Amino acid sequence: MRLISFIAAGRAGFGVCDDRGVIALGPRLGPEVQDLRSLLARDGVAQAARVVRGATADYRLDEVERLPPIPNPAKILCIGLNYEDHRVETARPKSAYPTVFTRFPDTLVGPGRPIVKPRHSDKLDYEGELAVVIGRGGRDIDVAHADAHVAGYACFQDASVRDFQGHTTQFTPGKNFPATAGFGPWLVTADEFGPPGAQTLRTTVNGRVMQEAPLGDMLFPIARLIAYLSSWTTLAAGDVIATGTPGGVGMKRVPPVWLRDGDEVVVEIDRIGALRNPIVAEGTPS
Ligand code: MG
């Protein structure tokens, strides 16, 4: 099942998106389920599947304004250096632990929405990634049970402002300019996506393939990430884990490839689909 968040007729909604169109869940589930995050917190995916069975669509997909699947996650945990070819291209040492940094929710944009190139930098780079969305939360989740805590998956564009990322050893500034992370195009539930591994992740810029790798190339698989993260923080429904990017980023190309106003970046993952975002320079009228 594909779950989306959207705005229609000026009001925020959430629902299921399939061949019929968009089937709004809010009116069908009642006022106690306000958004996808609260649906996940109530373990409500199976209930959602039941209430849309036999329903007719409320909207066409092109009638709604798309939001990130989870517009308001409590935590966005991003993993760095989780593919060997990216670790090698960035000349970082091997580590026994994953690199972790965080993003603020206001960095997220939905499918089709502009990623904003900051006026303070000309070094905006792409990073195609798989996003994991937590369903059942918890602390000290062990590897063997981690799968049961995943609600689903989406594509993630961890666009990075490289000069700000490199001002010190801490990544935070370069990863937190507003509207620099694409997230979508929808949340594909875990049952539909299947075990992550054989699916290919691909990033293109203006149609040119820049990154391509199977998800099975991750140095720290998702179950280990969940176990490690939940050893020091409490994971909650709707939390997002961006699982890292493969090799081929723009800053390590010769010459470097920096994203510019008018470019289009696409992250595509088998069994999810394509997340498209145009690049718009800050201050450019939209
Ligand atoms: Mg990244």
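Predicted model: local features only at pLDDT ≥ 70, side-chain atom pairs only at ≥ 80, totals over all residues.

Me: Where is V132 placed, and which residues does V132 touch?

Reply: V132 belongs to strand β10. Leaving aside residues up to four places away in sequence, V132 touches V150, G152, Y153, I222, D239, V240, I241 and T243. A contact requires heavy atoms within 4.5 Å. As for I76, which is 56 residues apart from V132 along the chain, the two C-alpha atoms are separated by 10 Å.

Me: What makes C17 and C155 buried?

Reply: The relative accessible area is 4% for C17 and 0% for C155. The limit for buried is under 20%, so the term applies to C17 and to C155.

Me: What makes E127, E129 and D158 donors of the magnesium ion?

Reply: A donor atom must lie within 2.8 Å of this metal. E127 (OE), E129 (OE) and D158 (OD) coordinate the magnesium ion at 1.9 to 2.1 Å, so these atoms meet the cut-off. Along the chain, the donors follow the spacing E-x1-E-x28-D.

Me: Why is the pair E127 and D158 said to tie together parts of the chain?

Reply: E127 lies in the loop between β9 (124-125) and β10 (128-134), whereas D158 lies in strand β11 (residues 150-158), so the pair ties together parts that are 31 residues apart in sequence. E127 is buried, with a relative accessible area of 5%, and D158 is buried at 0%.

Me: Why are β8 and β15 called edges of their sheet?

Reply: The open sheet has five strands in the order β8-β18-β17-β14-β15, with mixed pairing. β8 (115-117) and β15 (208-214) each have a single partner strand, so one side of each is left without a neighbour in the sheet. From one strand to the next, the twist averages 20°.

Me: How do you know that β8 and β18 pair?

Reply: Pairing needs at least two bridges. β8 and strand β18 (residues 273-281) have three bridges, in the parallel sense, so the two strands pair. Within this pairing, V116 stands opposite V280 in β18.

Notes
Residues numbered from 1 in each chain as written. Heavy atoms only, no water. Buried < 20%, exposed > 50% of the residue type's maximum accessible area, 1.4 Å probe, protein only. Donors = N, O, S within 2.8 Å, 3.2 Å for Na, K, Ca; no water. Helix = DSSP H or I, 4+ residues; strand = E, 2+ residues; numbered from the N terminus. Axes fitted to C-alpha atoms, helices over the stretch in contact; angles between N-to-C directions.
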